[in-house]
Amino acid sequence: VVLQGEEASLDALPVLKCWPCDGGRFVTLPLVHTLDPETGIRNVGMYRLQLFDARTTGMHWHLHKTGARHYEGYRRAGRRMPVSVALGGDPAYTYAATAPMPDNMDEYLLAGFLRRRPVKLVKCITNDIYVPADCDFVIEGYVDPSEPKTVEGPFGDHTGFYSLTDEYPRFHVTAVTRRRDAVYPATLVGIPPQEDAYIAKATEKIFLAPIRLAVQPEVKELTMPVFGTAHNLAVVSIDRRYRGQAHKVAQGLWGAGQMMFNKYLVITGEDCDVHDPDRLAALLRRAEFPRDLIVSEGIYDVLDHATVTSGFGGKLAFDLTEIDPSAPAEAVRVPERFELTPGLVEVADGLAGKWGALLLFADDTVEQKPDLAAFLARNPCRGIRYAVLFDGHARTMRPDELLWLAAANTDPRRDVECRDGVLCADARSKRPGIAGNPSRFPNVVTSLPEVVRKVDERWVEYGLGERLESPSDRYRALLLSDKAAW
């Protein structure tokens, strides 16, 4: 079915509004095809499309993405930029569009490799871009770099927070084609784990060998814990052969493809199973600070909301390669009862024995940051290596959820410091307007209570098996306002 010109409308597509504060409806699994204006080399990326009307959408490619680089090339050349968006087809196409492929390498080479047969491509109707012959929908059109950019967002993103409004190019539709038996594909992202978490796990395995071959041959294993939302936290083991090798690995990975977005990096020796929390805990408990820290600055994902300088912030690596996990660890001793200093409402020591960590919860009504140095001075501890400060309303969260909050809400330049051998981190929500804080701070994404109630009422009808509690019922305690941002 081919629709061109005035008939080319997006109205018939079941485009989703995913979360209550989203700025509109979004196409969430688009395969966006662009061409390098100088070489003609194709790129396939996944950039969300916010529907503005039946024939225009936003084009949400970040500054660091290949689509944005192509856009700048067309802008300099004073030319319209052809764009074709494919939906559906072999799931290998969707994966390839998200994969950290080297620039100027065709994503359909990866897709063909993964599915073990070539990808048949066909030419679009209104531009010269080739797309998979077996996809379900193709939306053809153009972006005009001479047009002013338009406001796009907010959108409940894979970080678990809303990505807030910003200006992006406008995509104009010239044709819509579809199979007669087309199935519209979509995904929903939000607080992990969602579907995208499993795509990230595939990437760990598929791209480990290329990392070894082309970037860091000493890397033995890599994992990105689900609650680190890919970019915020990674753990690698290396074949350590000389002093300072972890520094080489950290700086190398922070300059390699999409690993440049990494914020916190844990580096162990090759004898540590990076997937085993007990092994990691044994090393982290024995770390000495600041000796075992590698401090740097670099590129962030534009979606990172903790930094005051968009797309740029602090980086912190833990060099655990010289630690012997079998050596005796300092015994953990904490007060039987903690003396709360001003601004604190609770201290949890349940992770002290295994991880050497104290969790501190602040009074949400007080803007001033509690004095962690004063707290540690009044509450002498032994064996404690980490003290992490959270908002008081995070007290009901599980440890893995607190890890998500800590990695997301901190910029190591501003929020992490050493105090007498204890690594202290301020993982609270950052109040806008206070010096050093971002000018906007987003809310977490949660479903409305009435939506949860409707799902509960129709659970049996959906055929989903035993009824589960909605995570939104717990995460709603984290909301800072009824809008996308504080």
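1. The sheet β16 to β19. In this predicted model, five strands build an open sheet, ordered β16-β17-β18-β20-β19. Its pairing is mixed. The edges belong to β16 (219–223) and β19 (293–299). Each of these has a single partner strand, so one side of each lacks a neighbour in the sheet. On average, neighbouring strands here are turned by 20 degrees against each other, direction ignored.

2. The pairing of β19 with strand β20 (residues 312–319) is antiparallel and runs over seven bridges. For a landmark on screen, look for G298, which stands opposite G313 in β20.

3. The sheet β21 to β24. Another open sheet has five strands, in the order β21-β22-β23-β25-β24. Here too the pairing is mixed. At the edges stand β21 (344–348) and β24 (416–419). Both have a single partner strand, so one side of each is left without a neighbour in the sheet.

4. β21 pairs with strand β22 (residues 357–362) in the antiparallel sense, over four bridges. L344 stands opposite A362 in β22.

5. A helix across the strands. Helix α10 (residues 399–408) lies across β22 and β23 (386–391). The helix α10 runs at about 85 degrees to β23.

6. The α4 and α5 pair. Helix α4 (residues 195–206) packs with helix α5 (residues 208–215) at an angle of about 45 degrees. Their axes are 4 Å apart.

7. Residues between α4 and α5. From α4, the contact involves T203, E204, K205 and I206. From α5, L208, A209 and P210 take part. By class, the contact has four nonpolar residues, one polar and two charged.

8. The protein overall. The protein has 14 helices and 25 strands. Its radius of gyration is 24 Å, close to the 23 Å that the globule rule gives for 486 residues, so the protein is as compact as a globular protein of that length. The C-alpha trace spans about 75 × 55 × 50 Å along its principal axes.

9. Of the 486 residues, 53% count as buried. Among contacts with a separation of 6 or more, 70% come from residues 24 or more positions apart.

How values were computed. Residues are numbered from 1 along each chain as its sequence is written. This is a predicted model: local features need pLDDT of at least 70, side-chain atom pairs count only at pLDDT 80 or more; totals for chains, interfaces and linings use all residues. Side-chain values use heavy atoms; hydrogens and water are left out. Axes are lines fitted to C-alpha atoms, for helices over the stretch in contact, and angles run from 0 to 180 degrees between N-to-C directions. Helices (H or I, at least four residues) and strands (E, at least two) are DSSP runs, numbered from the N terminus. Contact means heavy atoms within 4.5 Å. Ala, Val, Leu, Ile, Met, Phe, Trp, Tyr, Cys and Pro count as nonpolar, Asp, Glu, Lys and Arg as charged, and the others, Gly among them, as polar. Two strands pair if DSSP finds at least two bridges between them. The radius of gyration is taken over C-alpha atoms; the globule rule is 2.2 Å times the number of residues to the power 0.38. Buried means under 20% relative accessible area, exposed over 50%, partly exposed in between (1.4 Å probe, protein chains only).
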